[in-house]
Amino acid sequence: MNLLFAINKNFIDLFLNCIKSVVKNGGYDRYICYILNSDFDNGDKRRIKEGVPENVECNFIMVEEDFFKGFPETKRYPRQIYYRLLAPKLLPDNLDRILYLDVDLVVINPLNELYETDFEGNYFVATSNIKKVLTKVNQLRLGIDAQKDVTYTNTGVLLYNLPVLRKKVKLEDMRDYTNNKGRVFILPDQDILTALYGDRVKRVDNLIYNLNDRTIAFNNADPRKEKINLDWVRKNAVIIHYFGKNKPWKDNYNGILDVFYKEIADMD
């Protein structure tokens, strides 16, 4: 199984925790990781290689930071968030698919069904955590043709159709779009991917592949929907994603999903 990550050295601990959960629950015998980075030194690489399980191979791809010079970035959204957008141009040509994972998530059930999804001609497989009422708002904000079927894409879990994307992804397109619309960006990399490629994303269920405490709260507030509790999560969910500011490793965490992070963090 091919896995993609894009981090700086501040996220190495989270990466190691994430990969532990993948190896424990992901369902494959071997994992080949490609880690996009700009600031790793030899000590960082050694720390990662020594910290991952034996069936994980790590390959480091140095990315020139100037590729995304001028793109919006903050402490919360560092320049590395854009690296995943250019990944098809940076990865080895012999790969046909790869699964990108944010490191602030854990895998609690097998990834086979997601990883082996038929692209059906699409560029990506991903989820959306945005309700329909906000879809039109985002289309208007991002200048997307209202006639297109474009749902806002969460880029934290992203399966790439690499043979197609190598032909379609262009840094120039991203730069031109950012120059025109960067002032309205909220989640910059997600805004770019949604605007440029959102009509070529195959959707999968966010309750299964990108579950978050906020998503649970919205679901459980709807009397028409089955209530989600920890038993439901253990049986049905595959990926728990602690996106946003509500993190289980912080004192102010609020939710029920911290148990999955702690189970992995406490593993020897």
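The side chain of K247 makes a polar contact with the side chain of D104 at 2.7 Å, a polar contact being a pair of N or O atoms within 3.5 Å, where within protein one must be able to donate a hydrogen and the other to accept it, and residues adjacent in sequence count only if both atoms are side-chain atoms. The structure is a predicted model, in which local features need pLDDT of at least 70 and side-chain atom pairs count only at pLDDT 80 or more, while totals for chains, interfaces and linings use all residues. Residues are numbered from 1 along each chain as its sequence is written, and side-chain values use heavy atoms, with hydrogens and water left out.

Back to K247. Its side chain also reaches the backbone oxygen of G244, at 3.0 Å. K247 sits in the loop between strand 9 (239-241) and helix 12; helices (H or I, at least four residues) and strands (E, at least two) are DSSP runs, numbered from the N terminus. With a relative accessible area of 10%, K247 is buried, where buried means under 20% relative accessible area, exposed over 50% and partly exposed in between (1.4 Å probe, protein chains only). Setting aside neighbours within four places in sequence, K247 is in contact with D104, Y242 and Y253, contact meaning heavy atoms within 4.5 Å.

The side chain of S38 pairs with the side chain of Y83 in a polar contact of 2.5 Å, and a polar atom of the S38 side chain lies 2.7 Å from the backbone oxygen of V63. S38 counts as buried because its relative accessibility is 17%. Apart from residues up to four places away in sequence, S38 touches M62, V63, E65, Q80 and Y83.

E120 is a loop residue too, found between helix 4 (112-115) and strand 6 (124-127). At 57% relative accessibility, E120 counts as exposed. What stands out is the backbone: E120 has a positive phi of about 55 degrees although it is not a glycine. Most residues other than glycine have a negative phi.

N2 belongs to strand 1 (residues 2-6) and is buried at 12% relative accessibility. N2 and L99 are 97 residues apart along the chain, yet their C-alpha atoms are separated by 6.3 Å. Beyond its neighbours within four places in sequence, N2 is in contact with I32, Y34, L95, R97, I98, L99 and Y115. L114, in helix 4, is buried at 2% relative accessibility. Its contacts, again leaving aside neighbours within four places in sequence, are L99, V125, V157, L159, V204, Y209 and I239.

Helix packing comes next, starting with helix 1. Helix 1 (residues 12-25) packs against helix 12 (residues 258-265) at an angle of about 90 degrees, with the axes 9 Å apart; axes are lines fitted to C-alpha atoms, for helices over the stretch in contact, and angles run from 0 to 180 degrees between N-to-C directions. That makes the two helices roughly perpendicular, given that angles under 35 degrees count as roughly parallel, over 145 as roughly antiparallel, 65 to 115 as roughly perpendicular and the rest as oblique. Here L14, N17, K20, S21, K24 and N25 of helix 1 meet Y261, I264 and A265 of helix 12. By class, this contact has four nonpolar, three polar and two charged residues, with Ala, Val, Leu, Ile, Met, Phe, Trp, Tyr, Cys and Pro counted as nonpolar, Asp, Glu, Lys and Arg as charged, and the others, Gly among them, as polar.

Helix 1 also packs against helix 2 (residues 42-51), at about 20 degrees and with the axes 10 Å apart, which means that helix 1 is roughly parallel to helix 2. In this pair, I12, D13, F15 and L16 of helix 1 meet D44, R47, I48 and G51 of helix 2. The residues involved divide into four nonpolar, one polar and three charged.

Finally, helix 7 (residues 171-181) and helix 8 have axes that come within 11 Å and cross at roughly 110 degrees, and are therefore roughly perpendicular to each other. D173, M174, Y177 and T178 from helix 7 meet D191, I192, A195, L196 and Y197 from helix 8. That contact has six nonpolar, one polar and two charged residues. Eight of the 10 residues of helix 8 (residues 188-197) are buried, so helix 8 is largely enclosed by the rest of the structure. Among the buried ones are P188, Q190, L193 and T194.
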